[in-house]
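I opened this notebook to record what I looked up on a pocket and on the packing of helices. The entries follow the order in which I worked.

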Amino acid sequence: MKKLLAMLLATAMTLGMVACSSSAPSSQAPAPSDAPSTSAPADSDPADDSQAPADTAAPGKKAAKDLNVAVSLGWLENESGQRQKYTYETEFAKYGITNYQIVDANYDPKKQSEQIEAFIKSKPDVLFVTASDPVGIAEAVKHACDAGIPVFCDDALIPGAAAVSTVMFDNYKGGMWTMKQLVTKLGGKGKIAMIDLPSNEAWAERSHGAEFVLKQYPEIEVVQRWSWDSTGAVTPRMAIDNMLTACPNVGDLDAIWCAWDGAVFEGLEACQAAGRNEILFTGSDGGEHCFEVMKANPNFIATCGESIYTMASLCVEYAVKYMNGEAVPRIVMVPSIGITNEMIVNTPVPEGWKNIGDYDIPGNYDVLGWDPTL
């Protein structure tokens, strides 16, 4: 009997070892240019070789110059999208990566999901993703992870996807900071409007942060609110025109908090056309064009300057390290900078910089003396 029990125990241990060794390892959780991608135009669809996805497996070491890289950008037509593309191209050149393809989804999560699914079939060594909408592309990104493709996400956390690294900034804190600038300028009381971005889970955090600040200021009243229309049927300009019509007199509307700078640009035009130059604005994103608008419009009092270059460059750095067998962080929150109108007006462009928008290139933060603590 003892001999039989010993044999059964040995058999069970052997089966347990086989079961453990067969399970797949989990993944670890990484100045604008008009030049086109070296491998494909930015608006092209990725190649589809109709082959089955690879099994999930830990990558072996592979030199950066030998990598086959895919980049899925959620948007490209504005300054932030162009800067991301520029950063990826610059960082690829730095590491000797020449085999890459960049595609643009133009804020369409359905299109971006289709592009990612096509990338999966072409089996790149690395996939970089900047989400048009984190929730809207989550399934496609999960498919890429499940296919064993190391995924590195820029600017947003993709829910449910086992990305190797995600590099983003704190949208919630940025929303808090810009709203605090607004209520401080108003002396803690007044009537404001809010323009938000609820369709993108990451960017929606900006309005959540702003609303947290408003809880501390009961004399600030939100009298108008509009959410970005992804269909384009209603533009920010149209929405703000309607707000001004609903609040025709000075004192009916003192300020407009915007979740992104583009809404501020259109809002300033609407106010100028209506002769409502007393209305204050705050935005978020930063960049060369934004700073030019701030210089020309003192009522654009503040924006949250994202570290767009830093986010994308860290993704590439972590991907190169990961493919070389090194450990990389799962989630990194990069700094952003609270930028006031006074900072822009009083800061000269340092020698060797194209514009103040180069503040987020690694090594440049301290040159300006700006505090990247957001």
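**Entry 1: terms.** I note that the model is a predicted one.

**Entry 2: the largest pocket.** I looked up its volume and found about 710 Å³ of space. I then asked which residues lie nearest the centre of the largest pocket. Of the 38 residues in the lining, these are Asn-78, Tyr-107, Trp-260, Gly-262 and Asp-285. I listed the elements that give two or more residues to this lining: helices H2 (79-95), H6 (201-214), H8 (261-274), H9 (288-296) and H10 (308-323). H8 gives the most, with 5 residues. By class, I recorded 14 nonpolar, 12 polar and 12 charged residues in the lining of the largest pocket.

**Entry 3: Phe-265.** I turned to one residue of helix H8, Phe-265. Which residues does Phe-265 touch, when those up to four places away in sequence are not counted? I found His-289, Cys-290, Val-293 and Phe-300. Phe-300 is 35 residues from Phe-265 along the chain, and I noted 9.0 Å between their C-alpha atoms.

**Entry 4: H7 against H8.** I next looked up how helix H7 (residues 236-246) packs on H8, and found an angle of about 45° with the axes 8 Å apart. The two helices are therefore oblique to each other. Their crossing is right-handed. From H7, I listed Pro-236, Arg-237, Ile-240, Asp-241 and Leu-244 in the contact; from H8, Ala-263, Glu-266, Gly-267, Glu-269, Ala-270, Cys-271, Ala-273 and Ala-274. The residues of this contact comprise 8 nonpolar, 1 polar and 4 charged.

**Entry 5: H2 against H10.** I then took H2 and H10, both among the elements lining the largest pocket. Their axes lie 9 Å apart at an angle of about 35°. I recorded a right-handed crossing of H2 with H10. On the H2 side the contact includes Ser-80, Arg-83, Tyr-86, Phe-92 and Tyr-95, and on the H10 side Ile-308, Tyr-309, Val-316, Glu-317 and Val-320 are among the partners. I counted by class 10 nonpolar, 5 polar and 3 charged residues for H2 with H10.

**Entry 6: H5 against H6.** Last, I asked at what angle helix H5 (residues 171-185) and H6 pack. The angle is about 45°, and the axes are 6 Å apart. That angle makes H5 oblique to H6. The crossing of H5 and H6 is right-handed. Among the contact residues I noted Tyr-172, Met-176, Met-179 and Val-183 of H5, and Trp-203, Arg-206, Phe-212 and Leu-214 of H6. The contact of H5 with H6 holds 10 nonpolar, 4 polar and 3 charged residues.

Methods: Residues are numbered from 1 along each chain as its sequence is written. This is a predicted model: local features need pLDDT of at least 70, side-chain atom pairs count only at pLDDT 80 or more; totals for chains, interfaces and linings use all residues. Side-chain values use heavy atoms; hydrogens and water are left out. On a 1 Å grid over the protein atoms alone, a cavity is a set of points where a 1.4 Å probe fits but cannot get out, and a pocket is an open set with protein on both sides within 12 Å along at least five of seven lines; lining residues have an atom within 4 Å of a point. Grid points are joined across faces, edges and corners, and a volume is the space filled by probe spheres set on the points. Helices (H or I, at least four residues) and strands (E, at least two) are DSSP runs, numbered from the N terminus. Ala, Val, Leu, Ile, Met, Phe, Trp, Tyr, Cys and Pro count as nonpolar, Asp, Glu, Lys and Arg as charged, and the others, Gly among them, as polar. Axes are lines fitted to C-alpha atoms, for helices over the stretch in contact, and angles run from 0 to 180 degrees between N-to-C directions. Angles under 35 degrees count as roughly parallel, over 145 as roughly antiparallel, 65 to 115 as roughly perpendicular and the rest as oblique. A crossing is left-handed if the near helix is turned anticlockwise from the far one by less than a right angle, and right-handed if clockwise. Contact means heavy atoms within 4.5 Å.
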